[in-house]
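Hi all, thanks for making the time.

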Amino acid sequence: MRIDDSPIQAHAGSKSRRHLPLYLATAALLAVSLAALMSRPPVVVHGTLTATDPGPRPLPAAAGSFYSALTPNQSSITTRLTQIFTEVNFVAGGPLVKTVGLGPRFNSNSCSSCHGYPSVGGSSPPNNPLFGIYQLQGATNTMPYFITSTGPVIVARFPYKSDGVTPDGGVHQMFTISNRTDAPGCTTMVQPDFTTAQSNNDIIFRQTTPTYGTGLMELIQESDIIANMNSNLSLKASLGITGHANYSDDDGTITRFGWKAQNKSLLYFAGEAYTVEEGVSDEAFPSENDESIPSCLPPFPVPAGTNKTKGVPDDRNDTGEAPKAPVNFPGDLERFSLFMRFLAPPTPVAPTPSTSNGFVQFQNVGCNMCHNVSFTTPASSIAALSHVTATLYSDLLVHDMGPGLADNVKQGNATGDQFRTAPLWGIGQRYFFLHDGRTTNIVTAIEDHRSFANGVYPNSEANTVINNFDALSPTNQQDLVNFLRSL
Amino acid sequence: MNQVQAQLSKHKWLKSVLPISLLLLVAAGATAYFPRSAKGGVLATVTAVDPGPRPLPANAGTFLPSLSANEQQIEPSITTEFNRVHDVVVTSPTDGGLGPRFNSNSCASCHQYPAVGGSSPPSNPLFSVYQLNGATNTMPFFITSTGPILEARFINQPGTTTPDGNVHQNFTVVGRSDAHGCSITQPDFTGAATANNLVLRQVPPTYGDGLIEVVRNIDIVNNMNSNLTTKAALGITGHPNYSGNDGSIQRFGWKAQVRSTLLMAAQQMNVEMGVTNETFPNEIDQTPGCVFNGVPETVTNFTPGILTEMFPGDAERTEYFIQWMAPPTPGPSSPSTNNGKTQFTNAGCVMCHTTSYKTPPTSRPALGNITIKLYSDLLVHHMGPGLADGLAQGGAGPDEFRTAPLWGIGQRLFFMHDGRTNNIVTAIEDHFSLGNSTYPASEANQTVTNFNNLSSKNQQDLVNFLRSL
């Protein structure tokens, strides 16, 4: 457990004092670089960290149901929407069902494989699903070093191009369709060289975000987000908290999805993820994600009478085919977005004296200055989403999180060390925390919010709040953690 | 160096520099006085005359002929969608949603000429839109009755140095009978213009966009990397504007800032008309009293028994309309236009205005394996201080613009991103501008100089060729 090397125990400064003065400078330098490497510089001890993570609440899932307020017409298509979200994509061939278009590069083959826990629509399950996918259909992929059987589903981005200077920031998919039996002719597309990227310190990871309640997040009014940003300014100033919105270049409104709040809407996000994560090109992003090897592009030479995509985009609305039920007219990306839009937020457990006190402490130490408890949606054309108080625990802003969390990828106006305040609803059943899934321990996740400025990035805006947390009594600390695990 | 030597060398310096500076001064004066002639190289004369736009009937505005029977069946409903006039209040899943701020009330009002889907018509349609239903808008100074339809962007947020870049809509719904109680004001365009903070962009046509969007990225890059010696000699470089989402090459908009017809349609619905949709679900202005509908204003229509194509929101139907429009049909070629095409190549125009791309196999067969003669490389290029508008978008810098596709310009009325001229010869010359301390020289300078150096006949033939497209 990472909690054993929390900054309270690891006091690098005390060791150097035992060395001869001659070596003091060197030792101090080493200590500083070691601390920088670990993102855990020695800090003033404000308290003793005693809280332990009770771990994720067991199944059954407290999330994954659709809004009970959906209209009968909306409810009538949810089964079909779930089918689409869980469908497994193949490259080509097989029976004539509409589940082709995978690759040429991909991270997984269905939405729900990664958005799988505690129910369809969620995030990484305890057992990594990629092991059941990467060599499917005879694919010759090797598993990247950073994927482990009990670790989070993460995707890789390279902050810089191979020159080490030019910004990249894009997702580099883990797998290719080379040698899959449903990709006849595609044999030569190679996986990215993740090991070299690692040795060049040019690889960062992002884990799967849950989609519950995102239909509400999408509709929260800009004016409410800004009003919340401009509230409690003196308290925020004393805590070192600022934060700002990430804006869309398209229509100038606030973007809110993804680890850096880089995505505008569920439809936009679905369109991006389909081509980036699965390689299924769609009407929002119609290009295949690697066009360099013609034999790895559709149409594939599969037998007549089997399924294949004729070309780009792999998935589109069904205008060309025989008349269908209306729900089968739009492309998958529209249906993915409807699926996510209709998913209700997770249900927290009933409060106990411990969690109730934990919520008070959550506010007392200042967590809620970023993890803003709730927003209320405006009037919506979808009645189930209209005037709903979304208890999401996020201000939907991005904040400087210091060198310890910085991933050197700039997205929109979220800089290399800025991240969206992750909504906390549902973390009671979450397995992996922070953007790269670096820990399964929620106490470590709290502590990891603290890191100190280096030459590149400023202090984490959370530093004082974490100090406040550490200074709480053992009971209050534990109650706060219990509160989080009740969400 | 002793004093005498120093004086001598100072003298020498003066001797050699004075005449040059004098010459430069004269040249600068001449440039200011005879802008056109001096711009393109002192010796050349521009004698070509713009024959003007080819008259109607329109050479564009039909759907791709090879669409399937099922696709053809829904052409009427997507055309209805593109023509739909939006009022403020939503009464069915397909109407309403205008404002609170807007530039116009239907797609077709601006994308109108020479046929629905195109660009600005000769008479500015905004004059019949801005005070509709009792709206109390005043017409911004930059909109004239025979000028192009323009929208405004601000470089910085007014009165600050904070970058803005967004569209600031010309009009509001204030005063409209279907918008009681709304009180907001139009942007201060005059103030923005005075502060040098105003950027104007005109309406690009949509014909052939469904073909442009499927061109392979790798073909665009390969074309970029071809003819490098010729391009270097002409001073042409250029680069793609990449999507931050999937890393593919964006192709739509004056700076190639939009990836696809779906994203374009959805963005435009919110930005130009204020109709929130499932891709852009938030009102741009949420002032209480000015929001009359639940968001998003156009949504998936769950009415039982509805036609399949009426199931998704308006943005998708608008997308299909744009996606299925066939490219414009060029006019008949003549000996003059044939020679003009040769001169177009010889002068170097073709190094950016790439003649054609071929679309790859597509899932919608009507769009696949077609050679499209768009006359664009789909890259962005430095165009010098003369065209620079100060706005960076994605990977396109403040002086960079996408090579505008030339198909259909034979019937186009306004040219350049801000519609600054209706004379195609002026438009060519406006590609020339020398670098200053802020921006490098236009990549087109040598090509425009080459054009100016053509014989009178060759110049005219080149212009005739353009007007044949």
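Chain A has 16 helices and 11 strands; those are DSSP runs numbered from the N terminus, with helices being H or I of at least four residues and strands being E of at least two. Before I go on, some bookkeeping: this is a predicted model, where local features need pLDDT of at least 70 and side-chain atom pairs count only at pLDDT 80 or more, while totals for chains, interfaces and linings use all residues. Residues are numbered from 1 along each chain as its sequence is written, and chains are lettered from A and ligands numbered from 1 in the order in which they are written.

Back to chain A. Of its 487 residues, 54% are buried, where buried is 20 or more other C-beta atoms within 10 Å of a residue's own, exposed is 12 or fewer, partly exposed is in between, and the C-beta atoms are placed from the backbone. If you take contacts in chain A between residues at least 6 apart in sequence, 70% of them join residues at least 24 apart. A contact here means two C-beta atoms, again placed from the backbone, within 7 Å.

Now chain B. That one comes with 16 helices and 9 strands. Its radius of gyration is 25 Å, close to the 23 Å from the globule rule for 469 residues, so chain B is as compact as a globular protein of that length. The radius is taken over C-alpha atoms, and the rule is 2.2 Å times the number of residues to the power 0.38. Along the principal axes, the C-alpha atoms of chain B fill a box of roughly 95 × 50 × 40 Å. Buried residues are 55% of the 469 in chain B, and for contacts with a separation of 6 or more, 69% come from residues 24 or more positions apart.

Chain B also splits into domains, with bounds from an automatic or database domain assignment. Domain 1 is 35-59 + 216-250 + 328-469, and domain 2 is 69-205 + 262-298 + 305-313. Their C-alpha centres lie 29 Å apart. Where they meet, 15 residues of domain 1 of chain B are in contact with 17 residues of domain 2 of chain B. The domain 1 side of that divides into 5 nonpolar, 7 polar and 3 charged residues. For the classes, Ala, Val, Leu, Ile, Met, Phe, Trp, Tyr, Cys and Pro are nonpolar, Asp, Glu, Lys and Arg are charged, and the others, Gly among them, are polar.

On to the sheets. Chain A has an open sheet of 3 strands in the order S3-S2-S5, paired antiparallel; strands pair if DSSP finds at least two bridges between them. S3 and S5 (204-207) of chain A are the edge strands, each pairing on one side only. S2 (residues 154-157) of chain A is joined to S5(A) by 4 bridges, and Arg157(A) has Ile204(A) as its bridge partner.

Chain B has an open sheet too, 3 strands ordered S3-S2-S5 with antiparallel pairing. Its edges are S3 (167-168) and S5 (198-202) of chain B. Between S2 (residues 150-154) of chain B and S5(B) there are 5 bridges. Phe154(B) stands opposite Leu198(B), and Ala152(B) opposite Leu200(B). S5(B) has 4 of its 5 residues buried, so the rest of the structure largely encloses it.

Next, a helix in each chain. How many residues of H10 (residues 266-277) of chain A are buried? It's 12 of the 12, so H10(A) is largely enclosed by the rest of the structure. Those buried residues pack against S1 (105-106), S3 (171-172), H7 (214-219) and H11 (332-342) of chain A. After H10(A) comes Gly279(A), with a positive phi near 75°.

In chain B, H10(B) has 13 residues and spans 17 Å from its first C-alpha to its last, close to the 18 Å expected at 1.5 Å a residue, the expected span being 1.5 Å times one less than the number of residues. H10(B) is mostly covered, with 13 of its 13 residues buried. Just after H10(B), Gly274(B) has a positive phi of about 80°.

Last stop, the chain-chain contact. Here 57 residues of chain B are in contact with 59 residues of chain A. H3 (69-73), H8 (217-224), H10 (261-273) and H11 (314-324) of chain B each supply at least two residues of the chain B side. The largest share of that side, 5 residues, comes from H10(B). By class, the chain B side divides into 21 nonpolar, 25 polar and 11 charged.
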